[in-house]
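Please read the following walk through the fold with the coordinates open beside the text.

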Amino acid sequence: MKLPLLFLFLFLSFLLPLTISCTETKTLEVTATAYNSVESQTKKGDAVTAAWGDQLKPGMKAVAVSRDLLQEEGIEHGSELQISGLPGTYRVLDKMNKRWKKKIDIYMGKNVKQARAWGRQNVEITWEID
C-alpha cells in the first residue's frame with residue numbers, strides 16, 4: 001500500500017507541474033531602431049502616450065513592435081522581451097504603424113542623440129508565450 005502512495009506523491013510533486021507548464025520560449029531576428037518622446041516622432045500634442053494608452057517616461061525599458069509580431073508571433077501588450085546586446089528586459093508597451101514588418105522600436109526617453117547613435121541594427125529578441 002505504501003508504494004502506490006509514493007508514486008502518487010512523486011507524480012504530484014514533480015511530474016504534474018511539468019505537464020501543466022505550457023510556456024514556450026521563442027527567438028527571432030528583427031530590425032531594431034529607437035524612438036523618443038518628441039512630437040516629431042510620435043503623436044502631435046501627446047508624445048508620451050503609447051498606442052495602448054501606457055504613459056512612457058524616460059528611463060523605462062519599453063519597446064514598440066510591428067503588428068505582424070503581435071498577430072503572428074504571440075507577442076502581446078505587456079510581453080517581456082530580451083534584446084540581444086542590451087541588458088535587462090523590455091516591456092511591449094507600444095505598437096508600430098502597419099507598414100513595418102519584423103521590426104521593433106526601442107524607447108529611449110527624450111535622448112534623441114542616443115537614439116540616433118543606435119541607428120538601425122539587426123538583433124535577436126527572445127520572449128515567452130503561454
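In this predicted model, leucine 28 counts as buried because its relative accessibility is 18%, and buried means under 20%. The residue belongs to strand S1, which covers residues 24-35. When its neighbours within four places in sequence are left aside, leucine 28 is in contact with Leu69, Glu73, Lys102, Val123, Glu124, Ile125 and Trp127.

A barrel is closed by 6 strands, whose order is S1-S5-S2-S4-S3-S6 and whose pairing is mixed. Neighbouring strands of this sheet are turned against each other by 45° on average, with direction ignored.

Strand S3 (residues 80-83), by contrast, pairs with strand S4 (residues 90-95) in the antiparallel sense, over 2 bridges. Here glutamate 80 has arginine 91 of S4 as its bridge partner, while leucine 81 stands opposite tyrosine 90 in S4. S3 and S4 form a hairpin with 6 residues between them, and in the turn glycine 85 has a positive phi of about 90°.

The packing of nonpolar side chains can be considered next. The largest nonpolar core holds 22 residues, of which Val65, Ile75, Ile104, Ile106 and Ile125 touch the most other members. Two or more residues are given to this core by each of S1, S2, helix H2 (67-72), S3, S4, strand S5 (103-107), helix H3 (112-118) and strand S6 (121-129). A second, separate core has 8 residues, including Tyr35, Ala50, Ala62 and Leu93.

Isoleucine 106 shows what such a position looks like in terms of contacts. Apart from its neighbours within four places in sequence, isoleucine 106 is in contact with Ala32, Thr33, Ala34, Tyr35, Ala62, Val63, Ile83, Leu86, Tyr90 and Trp118. Among these partners are Tyr35 and Ala62, both of which belong to the second core.

Aromatic side chains complete the tour. The structure holds 1 aromatic pair.

Key: Residues are numbered from 1 along each chain as its sequence is written. This is a predicted model: local features need pLDDT of at least 70, side-chain atom pairs count only at pLDDT 80 or more; totals for chains, interfaces and linings use all residues. Side-chain values use heavy atoms; hydrogens and water are left out. Two strands pair if DSSP finds at least two bridges between them. Helices (H or I, at least four residues) and strands (E, at least two) are DSSP runs, numbered from the N terminus. Axes are lines fitted to C-alpha atoms, for helices over the stretch in contact, and angles run from 0 to 180 degrees between N-to-C directions. Rings of Phe, Tyr and Trp (its six-membered ring) pair if their centres lie within 6.5 Å; planes under 30 degrees apart count as stacked, over 60 as edge-to-face and the rest as tilted. Buried means under 20% relative accessible area, exposed over 50%, partly exposed in between (1.4 Å probe, protein chains only). Contact means heavy atoms within 4.5 Å. A nonpolar core is a set of buried Ala, Val, Leu, Ile, Met, Phe, Trp, Tyr and Cys residues joined through side-chain atoms within 4.5 Å.
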